[in-house]
Amino acid sequence: MIKPYNTSSTKKEEIGEMFDKIAPKYDFLNKILSMNIDRIWRKKVRRLLSKKGHHNNILDIATGTGDLAIELSKLSSKRIVGLDLSANMLEIAKQKVLKLNLDSRIIFTQGDAENMRFADSEFDTITVAFGVRNFENIYKGLSEIYRVLMPTGNLVILELTQPKNLLVYKLYCLYFQRILPRIGKFYSKDYAAYKYLPASVKNFSTKIDFVETLKKIGFTKISCYNLSMGIATIYFCEKF
Ligand SMILES: C[S@@+](CC[C@H](N)C(=O)[O-])C[C@H]1O[C@@H](n2cnc3c(N)ncnc32)[C@H](O)[C@@H]1O
């Protein structure tokens, strides 16, 4: 199993610890490492959802510092819940939402996607941005998502993936494996965290047939959208 620190702790414990550590620098590093493209990807998630029915009750899993939850507030949903393991990431999310006067519509709660306190079918829409590859047990996490999603509800997953074009892949490897961990280390002082990032993307892209996994759990009408030459993918699905 790919873990950030390779200690005797579980992957979940290490992930929580890692995001607690890098939380103060997370937004800044996201911006420079992705050259702000991550914002465009989150907007694309919102646009895709806006074409599909109503989204009154949204759960944003692995919400981190809340950027997708904030983007989704433009859908005029009544309630958005952001869930995350890391208290420090959520603290930053809460401060942002307060500043934007969105605190009556967006609430944050600490918790584990693989074991959620929510009722069956509680949400009509669920999103996860850059979160599933960090789950300890991806099957368990997706099954929990299936349980708390309403029938006919939408699940949208945005995840980093590996590009298929050889030339793009080579450039991608150079950046992700050589340059990005060094920039990440310089600013966050956590080399392991930014070494874990490309390793976890590689593991997710090559070891897991994600669409097959989604189908096995019961999701239907799965559409995949390649973003930025395959560096990221949106998986848009429905619960039967
Ligand atoms: C790369 S960040 C993504 C944050 C945010 N979605 C974004 O778009 O920037 C991944 C987040 O997933 C959270 N996470 C990982 N595993 C989780 C789990 N099992 N349950 C809840 N959150 C989890 C981490 O704490 C972290 O904040």
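Where does K221 lie? K221 sits in strand β6, and we'll come back to it below. First, a heads-up: this is a predicted model, where local features need pLDDT of at least 70, side-chain atom pairs count only at pLDDT 80 or more, and totals for chains, interfaces and linings use all residues. Residues are numbered from 1 along each chain as its sequence is written.

**The whole chain**

- The protein chain has 8 helices and 7 strands; helices (H or I, at least four residues) and strands (E, at least two) are DSSP runs, numbered from the N terminus.
- Its radius of gyration (taken over C-alpha atoms) is 17 Å, close to the 18 Å that the globule rule (2.2 Å times the number of residues to the power 0.38) gives for 240 residues, so the chain is as compact as a globular protein of that length.
- Along its principal axes, the C-alpha trace spans about 45 × 40 × 35 Å.
- Buried residues make up 38% of the 240 residues; a residue is buried if 20 or more other C-beta atoms lie within 10 Å of its own, exposed if 12 or fewer, and partly exposed in between, with C-beta atoms placed from the backbone.
- Take the contacts with a separation of 6 or more: residues 24 or more positions apart account for 68% of them. Two residues are in contact if their C-beta atoms, placed from the backbone, lie within 7 Å.

**Helix α1 and its partners**

- The axes of α1 (residues 11-34) and α4 (residues 87-99) come within 7 Å and cross at roughly 30°. Axes are lines fitted to C-alpha atoms, for helices over the stretch in contact, and angles run from 0 to 180 degrees between N-to-C directions.
- That angle makes α1 roughly parallel to α4; angles under 35 degrees count as roughly parallel, over 145 as roughly antiparallel, 65 to 115 as roughly perpendicular and the rest as oblique.
- F19, D20, A23 and Y26 of α1 make this contact with A87, N88, M89 and I92 of α4.
- By class, the contact of α1 with α4 has 6 nonpolar, 1 polar and 1 charged residues. Here Ala, Val, Leu, Ile, Met, Phe, Trp, Tyr, Cys and Pro count as nonpolar, Asp, Glu, Lys and Arg as charged, and the others, Gly among them, as polar.
- With α6, the axis of α1 comes within 10 Å and crosses at roughly 140°, so α1 and α6 are oblique to each other.
- On the α1 side you'll find I22, K25, F28, L29, I32 and L33, which meet L180, I183, G184, Y187 and S188 in α6. That contact has 8 nonpolar, 2 polar and 1 charged residues.

**Helices α5 and α8**

- The axes of α5 (residues 138-148) and α8 (residues 210-217) come within 10 Å and cross at roughly 45°, so these two helices are oblique to each other.
- I138, Y139, L142, S143 and Y146 in α5 meet T213, L214 and I217 in α8, a contact with 6 nonpolar, 2 polar and no charged residues.

**Residues worth a click**

- Most residues other than glycine have a negative phi.
- K221 has a positive phi of about 45° although it is not a glycine, and it counts as exposed because it has 10 C-beta neighbours inside 10 Å.
- K189 also has a positive phi, near 65°, and lies in the loop between α6 (166-188) and α7 (191-207).
- With 11 C-beta neighbours inside 10 Å, K189 counts as exposed.
- N226 is in strand β6 (residues 219-227), and its 13 C-beta neighbours inside 10 Å make N226 partly exposed.
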